[in-house]
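Please keep the sequence and the three-dimensional view at hand while reading.

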Amino acid sequence: MRKKFFPAKILLFGEYGVMENSVGISIPHNFYTGSLEFHTKFNKEILCSNYEIKKYYSFLSIIEKKRKNLIKLNLKNFYEDLRKGIFFHSNIPQGYGIGSSGALIAAIYDRYAKKKLKKCLKHAIILKNIFSHMESFFHGKSSGIDPLICYLNIPLLIRSKTNITEVKLPNNNKEKVTIFLLNSGFPSKTFSMTKFFLGKLKDNKFRKILKSEFIMYNEKCVESFLKKDFEFLLKNVKNVSTWIFNNLRPMIPKTLWKIWEEGLLNNRYYLKLCGSGGGGFILGFTSNYEILKNQLKKYATEIVFHF
């Protein structure tokens with residue numbers, strides 16, 4: 001079987017806002033990838049992966065029956081491959097907010113879809129709808145954006161649930177702004193974080209300030225990113241970071257509260273959620289990565305890209 005690799009993803013802007021039909025930008029991150037493979041010898045990783053995919057197979061069998069005209073997977077072939085020991089070989093850390101489940105979903109769809117849609121933008125909305133149902137096994141209510149990014153492997157601008165276009169990233173060598181990942185040191189429990197956020201949405205006051213403040217700041221981040229207005233971008237990333245710190249602090253690992261606030265006070269860097277929050281990676285923005293790297297030397301950081 002020819003290996004097909006599917007990348008991780010990073011949601012640069014739009015965390016939780018995309019669930020409320022707000023704008024977002026998500027990009028593939030090819031430093032981390034995963035592929036479906038057959039084992040050559042058994043080990044703990046292979047057995048565990050195969051076992052977990054079997055549970056996912058059972059879920060897909062149920063929704064296939066309920067939604068006959070939606071997904072259309074070749075479940076017979078899928079089952080036979082599971083019996084032969086197929087597993088997902090991946091270096092994408094699970095529970096770190098960069099699409100480990102999204103890459104798996106993309107790989108399964110690519111291998112087992114009966115009428116597989118081509119990897120092109122014109123199918124994006126249909127694919128997103130399919131993936132949202134496939135993804136619900138992992139996260140409950142899901143947008144389908146993560147598997148879509150992993151499957152298409154192109155940066156996407158999400159303006160709404162029905163308006164998705166490709167976006168060109170700024171040049172990766174100007175080094176005016178660096179976007180980086182900061183490792184919290186432990187995975188997130190995505191389902192509980194999503195449940196927490198959906199619970200907050202039931203509060204009319206919170207929903208109001210989410211729309212009037214957070215979504216506005218997020219949209220300005222996207223606007224300045226697309227215009228390559230780096231000064232305005234950092235200003236609005238700070239607004240997003242401040243809003244999250246004040247209104248969604250339980251979604252920030254407690255071990256990072258101090259450095260999160262220090263960034264807001266010294267203006268050397270700003271942190272925001274990467275994925276669901278609660279652990280995993282945190283996304284950071286800075287205009288001087290070398291100074292920041294020394295300041296946060298006790299934490300593992302890695303560059304996403306300079307621009």
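The points below cover the core, the packing of helices, and a number of individual residues.

The structure is a predicted model. Its largest nonpolar core holds 102 residues. Two residues with positive phi, Y16 and K228, are then placed in their loops, and H123, R249 and E262 complete the account.

**The nonpolar core**

- Within the largest nonpolar core, the members that touch the most other members are L12, F13, L60, I108, Y109 and M134.
- I108 can be followed through its contacts: beyond the residues up to four places away in sequence, I108 touches L36, I53, Y56, L60, F78, A113 and M134.
- Two of these partners, L60 and M134, are themselves listed with I108 among the core members that touch the most others.

**Helix α1 against helix α3**

- The crossing of α1 past α3 is right-handed.
- On the α1 side the contact is formed by I53, Y56 and L60, and on the α3 side by L104, I105 and I108.
- By class, this contact of α1 with α3 consists of six nonpolar residues, with no polar and no charged ones.

**Helix α4 against helix α5**

- From α4, the residues in contact are A124, L127, K128, F131 and E135, while α5 contributes I145, D146, P147, L148, Y151 and L152.
- The contact of α4 with α5 includes eight nonpolar and three charged residues, but no polar ones.

**Helix α6 against helix α7**

- F197, K200 and L201 of α6 meet F206, R207 and L210 of α7.
- Four of the residues in the contact of α6 with α7 are nonpolar and two are charged, with no polar residue present.

**Residues with positive phi**

- Most residues other than glycine have a negative phi.
- Y16 has a positive phi, near 65 degrees, and is not a glycine.
- Y16 is located in the loop between β1 (6–13) and β2 (24–38), and with 7% relative accessibility it counts as buried.
- K228 is likewise not a glycine, and its phi is positive at about 60 degrees.
- K228 sits in the loop between α7 (204–227) and α8 (230–247), where a relative accessibility of 44% makes K228 partly exposed.

**Other individual residues**

- H123 belongs to the loop between α3 (100–112) and α4.
- H123 is buried, its relative accessible area being 16%.
- Apart from neighbours within four places in sequence, H123 is in contact with L117 and K118.
- Between H123 and N236 there are 113 residues of separation in sequence and 32 Å in space, C-alpha to C-alpha.
- R249 lies in the loop between α8 and α9 and is partly exposed, with a relative accessible area of 29%.
- The contacts of R249, leaving aside neighbours within four places in sequence, are with I244 and W257.
- R249 and I179 stand 70 residues apart in sequence and 22 Å apart in space, C-alpha to C-alpha.
- E262 is part of helix α9, which runs over residues 257–266.
- E262 counts as partly exposed at 29% relative accessibility.
- Not counting residues up to four places away in sequence, E262 touches N267 and Y269.

Key. Residues numbered from 1 in each chain as written. Predicted model: local features only at pLDDT ≥ 70, side-chain atom pairs only at ≥ 80, totals over all residues. Heavy atoms only, no water. Core = buried A, V, L, I, M, F, W, Y, C linked by side-chain atoms within 4.5 Å. Buried < 20%, exposed > 50% of the residue type's maximum accessible area, 1.4 Å probe, protein only. Contact = heavy atoms within 4.5 Å. Helix = DSSP H or I, 4+ residues; strand = E, 2+ residues; numbered from the N terminus. Nonpolar A, V, L, I, M, F, W, Y, C, P; charged D, E, K, R; others polar. Left-handed = near helix turned anticlockwise from the far one by under 90°.
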